[in-house]
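I open this notebook to record what I looked up in the structure shown below. The entries run from the whole protein to single residues.

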Amino acid sequence: MTGDPPERPFTALLVAALVLIVGAFVGGTLLTQAISRQMEANASDIANNAAPSVQQLSLARTTLAKIRILAERANQECAKQDAPSFADEIERTAGEVQDSVAAYLAAPAFPGEGALQQGLKSKIAALRSILTEYVGLLRTGQCETARELEEGGFSRAAAQASVALGNLIDFNARQIERLVREIGETRSRTDTVALALDLLAVTVAGGVGFVLARSFRRSARLQAEYGRVQRERADELDAFAARVAHDVRSPLSAINVSLHLLRRTPEEGKEAILDRARRSADRLNAVVTDLYAFARAAARPDRNGSCPVASVVHGVLEDARPAASMAGVAMSAEVPDSCEVACAPGVLVTLLSNLVANAIKHAGREGGKLAIRIRPGAVVRFEVEDDGPGIPVEDQERMFEPYVRGKGVAAAGLGLGLATVKRLAESHGGSFGVRSSPGAGSTFWFEIPAAHRAGAEDPG
């Protein structure tokens, strides 16, 4: 167990959040710039095109009205010999109209404005032609003819030119209105998008902050849990070291004392001392054997392992026969002829020998019984039953924990036998357990998957 959260997902989360936040701000900036350019283009169209066009067209229309007024006065004053001066004024004013129209036509046209401009050009050309003739009549004193021309063709051409100018003024006014509306809509859209991007950035930042806070809290909890586990493991190691030291020191001390006694004991008494030393050595060997088996139980199992059950069971019984005979325990076994499990033979020997040794220690004295039963199938079940005093319910779960010994048992060892069974069964994909009640004996069992033979079909 470690106290640190996984680095890669955490780093990926931070990078993704940073990209989103930076993307929101950069996207907002780019979008704002694009919209600003659009607003500037619209404003430029108003300032450099639509507004000057309206101004020039309005000036041309006003000047045209002034020409009509001058023509009316010229008709009235022609008989008083003032016609030439009116002719000069009308000609100069007509030039102003021409200049205003030319200035308007020099500006870029809006879509749909070209047809109206062509109409204005034709109307101005017709008016200019009539004005040239009218001014010539005034200069030569042909007052009546000039008056008739003014009341006829000139008035009609001027009215038509004024209408064309008015239509273009209205058109450009509508363009100004459209551009102003687009600027307003663009500004509103900019505000909306900017607000949305700001909310996105704030939301992402808030979400990342929340995740970071949770991650930090989780990291703190993991660190605290890691510290607790380390302390527990240190306590367990202290207890384990003390237990091993106690269990190893006792037989070593007995062997040491026996060796010292051998020096001072006559030959006839040395045999008893040697027997005592051998028993102590056997106890020490049992302790070391338990430790080695428990350590091996955590090793990775052989996935291709296969073990015949019958030969292992008979071998374990044969090895346990002397101990069973000394304890007065009768052993029996129900073994199928052909049955194999998916583990190495040494693993099955360790599993069975631990349960058999445990049963011999707890079987009833003077005529006790021990029975081994194997139930084949996709998962093979091994049961070792004794007729001992049984195990209280509250102690049954603890029996498979390390260093736990049965009550009233003074045999050599560290209490690792059943713990070894648990670790081996679990590491090979099996299970384990015990059925027992006080005064009715106990049945310890474990299950190991059966070995798959080449060409055999999985059970359906």
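**Entry 1: the whole protein**

I began with the surface: the protein exposes about 26200 Å², of which carbon and sulfur atoms supply 56%. I note at the outset that the model is predicted. I then looked up burial and found that 36% of the 460 residues count as buried. For secondary structure, I recorded nine helices and seven strands. Among contacts with a separation of 6 or more, 76% are between residues 24 or more positions apart.

**Entry 2: the nonpolar cores**

I asked which residues have the most contacts inside the largest nonpolar core. They are Val 341, Leu 348, Leu 352, Leu 370, Phe 382 and Phe 446, in a core of 40 residues. At least two residues of this core come from each of helix H6 (309-327), strand S2 (329-334), helix H7 (345-362), strand S4 (368-375), strand S5, helix H9 (417-427) and strand S7 (442-449). Apart from this core lies another, of 34 residues, including Leu 64, Leu 70, Ala 94 and Phe 154.

I took Leu 352 as an example. Residues up to four places away in sequence left out, Leu 352 touches Val 312, Val 313, Val 316, Phe 382, Val 384 and Phe 446.

**Entry 3: Asp 386**

I next looked up Asp 386, which lies in strand S5 (residues 379-386). Is Asp 386 buried or exposed? Its relative accessibility is 4%, so Asp 386 counts as buried, the cut-off being under 20%. A polar atom of the Asp 386 side chain lies 2.8 Å from the backbone nitrogen of Gly 388. With neighbours within four places in sequence set aside, I found Asp 386 in contact with Ala 359, His 362, Ala 363, Lys 369, Gly 441 and Ser 442.

**Entry 4: salt bridges**

I searched the whole structure for salt bridges, and the search finds 14.

The side chains of Arg 139 and Glu 91 meet at 2.8 Å, N to O. Arg 139 belongs to helix H3 (residues 114-139) and Glu 91 to helix H2 (residues 83-106), so this pair ties together parts that are 48 residues apart in sequence. Arg 139 is partly exposed, with a relative accessible area of 39%, and Glu 91 is partly exposed, also at 39%.

Glu 182 and Arg 178 form a salt bridge with their closest N and O atoms 3.0 Å apart. Both are in helix H4 (residues 143-264); because they are four residues apart there, about one helical turn separates them. Glu 182 counts as partly exposed at 25% relative accessibility, as does Arg 178 at 26%.

Glu 385 and Arg 373 meet through their side chains at 2.7 Å, N to O. This pair links distant parts of the chain, with Glu 385 in strand S5 and Arg 373 in strand S4, twelve residues apart. Glu 385 is partly exposed, at 30% relative accessible area, whereas Arg 373 is buried, at 16%.

**Entry 5: a surface patch**

Lastly, I asked which residues form a nonpolar patch on the surface. I recorded Leu 18, Val 22, Val 26 and Leu 30, with about 350 Å² of accessible area together. Of these I looked up Val 22, which is placed in helix H1 (residues 7-77). Val 22 is partly exposed, with a relative accessible area of 41%.

How values were computed: Residues numbered from 1 in each chain as written. Predicted model: local features only at pLDDT ≥ 70, side-chain atom pairs only at ≥ 80, totals over all residues. Heavy atoms only, no water. Buried < 20%, exposed > 50% of the residue type's maximum accessible area, 1.4 Å probe, protein only. Polar contact = N/O pair within 3.5 Å; in protein donor to acceptor, adjacent residues only side chain to side chain. Contact = heavy atoms within 4.5 Å. Core = buried A, V, L, I, M, F, W, Y, C linked by side-chain atoms within 4.5 Å. Patch = residues over 30% accessible without salt bridge, like charges linked within 9 Å, V, L, I, M, F, W, Y side chains within 5 Å. Areas by Shrake-Rupley, 256 points an atom, 1.4 Å probe, with all protein chains shown as cover. Salt bridge = Lys/Arg side-chain N within 4 Å of Asp/Glu carboxyl O.
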